[in-house]
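Please look at the sequence and the model below before reading the notes.

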Amino acid sequence: MDENMERARELVTALVQTNIERFMNHGGFLSPQWWLLVAFTIVPWVIWLKIVDKKRKLELVVIGLFIAIVTKLLDIVGYNLNYWDYPIQMIPLVPEAFAFDMSMVPVAYMLLYQYFKTWKSYCLGLLCMSVIYAFIGEPFCNLIMVVARISSGSIFTHSCIIT
């Protein structure tokens with residue numbers, strides 16, 4: 001194995017061990033924030049299951065899957081570039097924002113798509129949702145310490161949320 005690749009593997013192993021230690025000892029496991037992340041993961045799907053248009057379920061799931069993939073990729077980029085971190089993790093081996101990437105954001109996009117019938121109204125809904133996420137949701141998550149902004153790249157942060 002290449003020397004750089006071996007060094008990278010060692011660093012990744014150390015990072016995983018550190019994340020697990022932080023999760024178990026200092027990361028708020030079973031804290032109110034941890035339970036909030038669990039709720040952020042489960043509640044949107046419960047709501048979605050109750051109000052989803054059964055006739056359009058496949059179409060909505062495809063949209064949700066696409067949004068989840070894009071959101072996860074943007075989150076990984078921002079996390080790896082040290083724009084943000086997650087002091088409280090729901091799962092120690094997944095340091096990114098699992099609750100947001102795989103639940104809150106995709107479900108919100110699916111519901112918008114379900115209820116806004118024209119592209120004009122859908123785009124207006126997306127804009128409103130993005131503004132709420134960027135300027136209310138993100139500061140709230142910073143306040144309750146489930147997200148910590150590291151870099152001052154707020155324009156990048158807000159543009160990622162808007163995307």
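A residue counts as buried when its relative accessible area is under 20%, as exposed when that area is over 50%, and as partly exposed in between, with a 1.4 Å probe and protein chains only. The model is predicted, so local features need pLDDT of at least 70 and side-chain atom pairs count only at pLDDT 80 or more, while totals for chains, interfaces and linings use all residues. Residues are numbered from 1 along each chain as its sequence is written, and side-chain values use heavy atoms, with hydrogens and water left out.

**Overall fold**

- The protein chain contains six helices and two strands; these are DSSP runs numbered from the N terminus (helices: H or I, at least four residues; strands: E, at least two).
- Along the sequence, the elements of the protein chain follow the order α-α-α-β-α-α-β-α.

- Rolling a probe the size of a water molecule over the atoms shows where empty space is left.
- A cavity is a set of points, on a 1 Å grid over the protein atoms alone, where a 1.4 Å probe fits but cannot get out; lining residues have an atom within 4 Å of a point.
- Grid points are joined across faces, edges and corners, and a volume is the space filled by probe spheres set on the points.
- The whole structure has one cavity of 30 Å³ or more, and the largest cavity holds about 80 Å³ of space.
- Thirteen residues, written 13 in the count, line the largest cavity, and Leu37, Met90, Glu96, Ala97 and Phe98 are the closest to its centre.
- Helix 4 (residues 98-115) supplies three residues, the largest share of this lining.
- The lining of the largest cavity comprises 11 nonpolar, one polar and one charged residues (nonpolar: Ala, Val, Leu, Ile, Met, Phe, Trp, Tyr, Cys and Pro; charged: Asp, Glu, Lys and Arg; polar: the others, Gly among them).

**Nonpolar surface patch**

- Val12, Val16, Ile20, Met24, Phe29, Leu30, Trp35, Ile91 and Leu93 make a nonpolar surface patch of about 790 Å².
- Patch residues have over 30% relative accessible area and no salt bridge, and nonpolar side chains (Val, Leu, Ile, Met, Phe, Trp, Tyr) are joined within 5 Å.
- Helix 1 (residues 3-26) gives the most to the patch, namely four residues.
- Trp35 belongs to helix 2 (residues 32-51) and is partly exposed, at 47% relative accessible area.

**Salt bridges**

- Side chains of opposite charge can pair when their charged atoms come close.
- Four salt bridges are found in the whole structure, each being a side-chain nitrogen of Lys or Arg within 4 Å of a carboxyl oxygen of Asp or Glu.
- Arg7 and Glu10 form one of them (3.7 Å, N to O); the two are three residues apart in helix 1, so about one helical turn separates them.
- Arg7 is partly exposed at 47% relative accessible area, and Glu10 is partly exposed at 42%.
- Asp101 pairs with Lys72, with the closest N and O atoms 3.2 Å apart.
- This pair links distant parts of the chain, with Asp101 in helix 4 and Lys72 in helix 3 (residues 57-80), 29 residues apart.
- Both Asp101 and Lys72 are buried.- Glu138 pairs with Arg149 at 3.0 Å between the closest N and O atoms.

Notes: 1 Å grid on protein atoms, 1.4 Å probe; cavity = no way out; pocket = protein on both sides within 12 Å on 5 of 7 lines; lining within 4 Å. Patch = residues over 30% accessible without salt bridge, like charges linked within 9 Å, V, L, I, M, F, W, Y side chains within 5 Å. Areas by Shrake-Rupley, 256 points an atom, 1.4 Å probe, with all protein chains shown as cover.
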